[in-house]
Amino acid sequence: MAVPKRKVSKARRDKRRANWKLTLPGMVKCPKCGEFKLPHRICKSCGTYDGKEVLKAE
């Protein structure tokens, strides 16, 4: 069984773990106001979800 010869430093370990890429979440336009929002979420600008007003828009 392979065993590390020396301890891997925290800096080296963390550099190796930091190299994965994030992808942007898919943004959709709100059908009422046209602002970009996350899908299946309430629109922050107009307060609607699924064509119904959920929050009072300011």
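A residue counts as partly exposed when its relative accessible area lies between the limit for buried, under 20%, and the limit for exposed, over 50%. In the predicted model described here, leucine 55 has a relative accessibility of 47% and therefore counts as partly exposed. Leucine 55 lies in the segment after strand E4. Together with Ile42, Tyr49 and Val54, Leu55 forms a nonpolar patch on the surface. The accessible area of these four residues together is about 340 Å².

The protein contains one helix and four strands. Along the sequence these elements follow the pattern α-β-β-β-β. The overall dimensions were computed from the model. The radius of gyration of the protein is 22 Å, whereas a compact globule of 58 residues would have a value near 10 Å. Along the principal axes, the C-alpha atoms fill a box of roughly 60 × 20 × 20 Å. Of the contacts between residues at least 6 apart in sequence, 0% join residues that are at least 24 apart.

Buried residues account for 10% of the 58 residues. The protein exposes about 6100 Å², and carbon and sulfur atoms supply 56% of this area. Threonine 48, a residue of strand E3, has a relative accessibility of 8%; this value is under 20%, so threonine 48 counts as buried. With residues up to four places away in sequence left out, threonine 48 touches Cys30, Lys32, Arg41, Ile42, Cys43, Glu53 and Val54. Two of the residues in this list, Ile42 and Val54, also belong to the nonpolar patch that includes Leu55.

Backbone angles were then considered. Most residues other than glycine have a negative phi. Histidine 40 is not a glycine, yet its phi is positive, at about 60°. Histidine 40 is found in the loop between strand E2 (36–37) and strand E3 (48–49). The relative accessible area of histidine 40 is 67%, which is over 50%, and histidine 40 is therefore exposed. Aspartate 50 also is a residue other than glycine with a positive phi, in this case near 55°. Aspartate 50 is placed in the loop between E3 and strand E4 (52–53). With a relative accessibility of 61%, which is over 50%, aspartate 50 counts as exposed.

Side chains of opposite charge can pair when their charged atoms come close. The count of salt bridges in the model comes to two. One of them joins aspartate 50 and lysine 52, with the closest N and O atoms 3.7 Å apart. Both aspartate 50 and lysine 52 are exposed. The side chains of arginine 13 and aspartate 14 also meet in a salt bridge, with an N to O distance of 3.0 Å. Arginine 13 has a relative accessible area of 28% and so is partly exposed. Aspartate 14, at 38% relative accessibility, likewise counts as partly exposed.

Terms used: Residues numbered from 1 in each chain as written. Predicted model: local features only at pLDDT ≥ 70, side-chain atom pairs only at ≥ 80, totals over all residues. Heavy atoms only, no water. Helix = DSSP H or I, 4+ residues; strand = E, 2+ residues; numbered from the N terminus. Buried < 20%, exposed > 50% of the residue type's maximum accessible area, 1.4 Å probe, protein only. Patch = residues over 30% accessible without salt bridge, like charges linked within 9 Å, V, L, I, M, F, W, Y side chains within 5 Å. Areas by Shrake-Rupley, 256 points an atom, 1.4 Å probe, with all protein chains shown as cover. Rg over C-alpha atoms; globule rule 2.2 N^0.38 Å. Contact = heavy atoms within 4.5 Å.
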